[in-house]
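Please keep the sequence and the model in view while reading.

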Amino acid sequence: MLHMRSIWNGVISFGLVRIPVKLVNATESHAVPFREIHTEDGGRIRHRKFCELEDREVTPQEISRGYEEADGTIIPITDEDLTHLPIPTARTIEIVTFVPEDSIDPLQMSAAYYLAAGRAPAARPYTLLREALKRGNRVAIAKFALRGRERLGMLRVVGDAIALHGLLWPDEVRAPEGIAPAADVTLHDKELDLADDLVDALSGAGLEDLRDEYREAVEQVVAAKISGEALPEVPEPERGVEVLDLTTALERSVRALRGEPEEAATGRSPRRGTSRSSPKETGGRKSTSTAEKKTPPSARKPTSRTSRTEQRTTAKSTAKDTAGKTSAEKSPAKAKKTAASRKRSA
């Protein structure tokens, strides 16, 4: 509490019970702060407040509030005037009802605050209200005034503290008319089952595991500018992203989150997206292996006209040699046969 500055002091009205409390912010912004500068010379741009009548800059201590009438007349309204508001919520968080927490539409929720016990005597009634909220599993709906207007709030237990969530009034929340798709959409059971699988696969991380990557990237750029180093490189956008049908996109998303290989069997019918690309890959592999099996040009038989002529010449000479050998082998036999026939004639 020492590092949390209260922005409002008052009491919680719980029936006839009064609980002195201090209101402190429950959230803080970690956005990288930037200043406005003059583009030409880098000079700091400051917004100064001037009085229109005196045409001079005024200090914050000289500034108050006023109400402008229709004719432009300004009626001063001081802090003392606002202490006389004829409503009980001027300095009071007035609990008006208790409801189940799930009955509050998150669209109504706005800023969040912590309610700290104001003084030592407030510890007992503060603890009593906290335990009553816990035992009833309910939240308290209250009215309170802050920054010049009456607001609606929800009190709930956060750890050992009571938190106050500012709520929009019901008529400040717009109805979602014309937002949903106008066309009638029919979903298949397979798509719904895959959507359930995807939801389950994405349900492992908690909010504490998330971080503001945009802020971290901005800090890297600022650090590089300060040190004079090169600015971080922007990642290349994905190119040639395949357009997938809904079922294929769901299947691939579930597999990726589960760490399964792309072609892992899931017991489902082959996806159209995969069946389109697979033949190309298979065909590519076949053509590659066929190319590897082909005889290199240097080892192929000569196909030029000269080579073919040489082949024919070689073949003819070989045939002549073979015929000559055959004739030479057959000549003695023919001579013997002729001699034998001559003897029979004699």
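Contact means heavy atoms within 4.5 Å. The model is predicted, so local features need pLDDT of at least 70 and side-chain atom pairs count only at pLDDT 80 or more, while totals for chains, interfaces and linings use all residues. Residues are numbered from 1 along each chain as its sequence is written, and side-chain values use heavy atoms, leaving out hydrogens and water.

**Helix packing**
- Helices (DSSP runs of H or I, at least four residues) and strands (E, at least two) are numbered from the N terminus.
- Lys190, Glu191, Leu194, Ala195, Asp197, Leu198 and Ala201 of α3 meet residues of α5, including Leu246, Leu250, Val254 and Arg258.
- Helix α3 (residues 189-201) and helix α5 (residues 246-258) have axes, which are lines fitted to C-alpha atoms over the stretch in contact, 9 Å apart and at an angle of about 25° between N-to-C directions on a scale from 0 to 180 degrees.
- α3 and α5 are therefore roughly parallel (angles under 35 degrees).

**Aromatic pair**
- The structure holds one aromatic pair (ring centres of Phe, Tyr or Trp, the latter by its six-membered ring, within 6.5 Å).
- The rings of Phe14 and Phe98 have centres 6.0 Å apart and planes at 70°, so the pair is edge-to-face (over 60 degrees).
- Phe14 lies in strand β1 (residues 6-14) and Phe98 in strand β7 (residues 92-100), so the pair ties together parts 84 residues apart in sequence.

**Accessibility**
- Thr92, found in strand β7, is buried at 14% relative accessibility (under 20%).

Note on methods
Rings of Phe, Tyr and Trp (its six-membered ring) pair if their centres lie within 6.5 Å; planes under 30 degrees apart count as stacked, over 60 as edge-to-face and the rest as tilted. Buried means under 20% relative accessible area, exposed over 50%, partly exposed in between (1.4 Å probe, protein chains only). Angles under 35 degrees count as roughly parallel, over 145 as roughly antiparallel, 65 to 115 as roughly perpendicular and the rest as oblique.
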